[in-house]
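Reader: Before we discuss how the terms are applied here, could you show me the sequence and the structure?

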Amino acid sequence: MKIAIIGAGNLGLAIATGVLHSNGATTMYLTKRNTTEIKDFEKYGNVTVTSDNQEAVKKSDVLIFAVQPGHFAAILEQVKDLLTENHVIISTITGFSISKIEEIIGSDRYIIRSMPNTAISVGNSMTCLCTNELGKKRIDLAKAIFNRMGHTLEIPEDQMQAATVICASGIAFWMRLIRATTQGAIQLGFDAKEAQELAMHTCNGAASLLIESGSHPEEEIDRVTTPKGCTIEGLNEMEHQGLSSSLIRGIVASFEKISHIKKG
């Protein structure tokens, strides 16, 4: 694949790193207004660093846009006359709908929206994807790219805001749970470094169990709870204090906020 990443900031570079480390591109263009800090990527040999978006578009088939939302429309205007029937446009820009993209470059293009989270930087993103009608023919290509950096799920575009809350904001929610577990471990006598290590790897193990087994969370909970045991005692106390309710209310509040921002 000939890939261009238009906007090589933190997200763009994370995507570039994931693709390059998995040999997912025959050639890659990285664009940024100030290219000095990304020149090191040229060490890969098949990477060209440039500030010229038009050059990158001309030399590539897959265009991944990772620019600031306020710059996206102008960049699309800049390159739209260079787009061919072979180009696949993948946008990572939050809140910029497919219909807005189509207004600028037309509906006769392969258009895909992707919503990765910050775990893409360690190759473990949960990335949601949606497409326009024509883009459905290239969704497997987009999945192949982002599956190199985690896991993908295709969803309708009207669920992208909800997915942003669960997957992007969700990173912060899980971090807070890990922090709370760390604090609990410190109270039980572990030092801070040990406490965080225990919390992180237990969280990772819990998720891995569900991924590998396909089990429902309650099935795995049942495996570690015994009658009158310490696990059920702790779980019940957490529920008495509103653990599940607080999480759900927080998710809903976050969704209401993002919906209000979009309307504003």
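Reader: What makes the pair formed by the side chains of Ser215 and Ser213 a polar contact?
Author: A polar contact is a pair of N or O atoms within 3.5 Å, where within protein one must be able to donate a hydrogen and the other to accept it, and where residues adjacent in sequence count only if both atoms are side-chain atoms. The side chains of Ser215 and Ser213 are joined at 2.8 Å, and the side chain of Ser215 makes a further polar contact with that of Glu220 at 3.1 Å. This is a predicted model, in which local features need pLDDT of at least 70 and side-chain atom pairs count only at pLDDT 80 or more, while totals for chains, interfaces and linings use all residues. Residues are numbered from 1 along each chain as its sequence is written, and side-chain values use heavy atoms, with hydrogens and water left out.

Reader: Why is Ser215 called buried?
Author: Buried means under 20% relative accessible area, exposed over 50%, and partly exposed in between, with a 1.4 Å probe and protein chains only. Ser215 has 14% relative accessibility, and therefore counts as buried; its place is the loop between helix 7 (192–213) and helix 8 (217–224).

Reader: Why do Asn23 and Lys228 count as exposed?
Author: Asn23 counts as exposed because its relative accessibility is 69%, and Lys228 because its value is 87%. Asn23 is in the loop between helix 1 (10–21) and strand 2, whereas Lys228 is in the loop between helix 8 and helix 9 (230–240). Phi is positive in both, near 55 degrees in Asn23 and about 60 degrees in Lys228, although neither is a glycine. Most residues other than glycine have a negative phi.

Reader: Why is strand 1 described as largely enclosed by the rest of the structure?
Author: Four of the five residues of strand 1 (residues 2–6) are buried, which is why the strand is described in that way.

Reader: What makes strand 1 and strand 2 a pair?
Author: Two strands pair if DSSP finds at least two bridges between them, and strand 1 and strand 2 (residues 27–31) have five, in the parallel sense. Ile6 stands opposite Thr31 in strand 2.

Reader: Which residues of helix 3 and helix 4 meet?
Author: With contact meaning heavy atoms within 4.5 Å, Phe72, Ala73, Leu76 and Glu77 in helix 3 meet Ile101, Ile104 and Ile105 in helix 4.

Key. Helix = DSSP H or I, 4+ residues; strand = E, 2+ residues; numbered from the N terminus.
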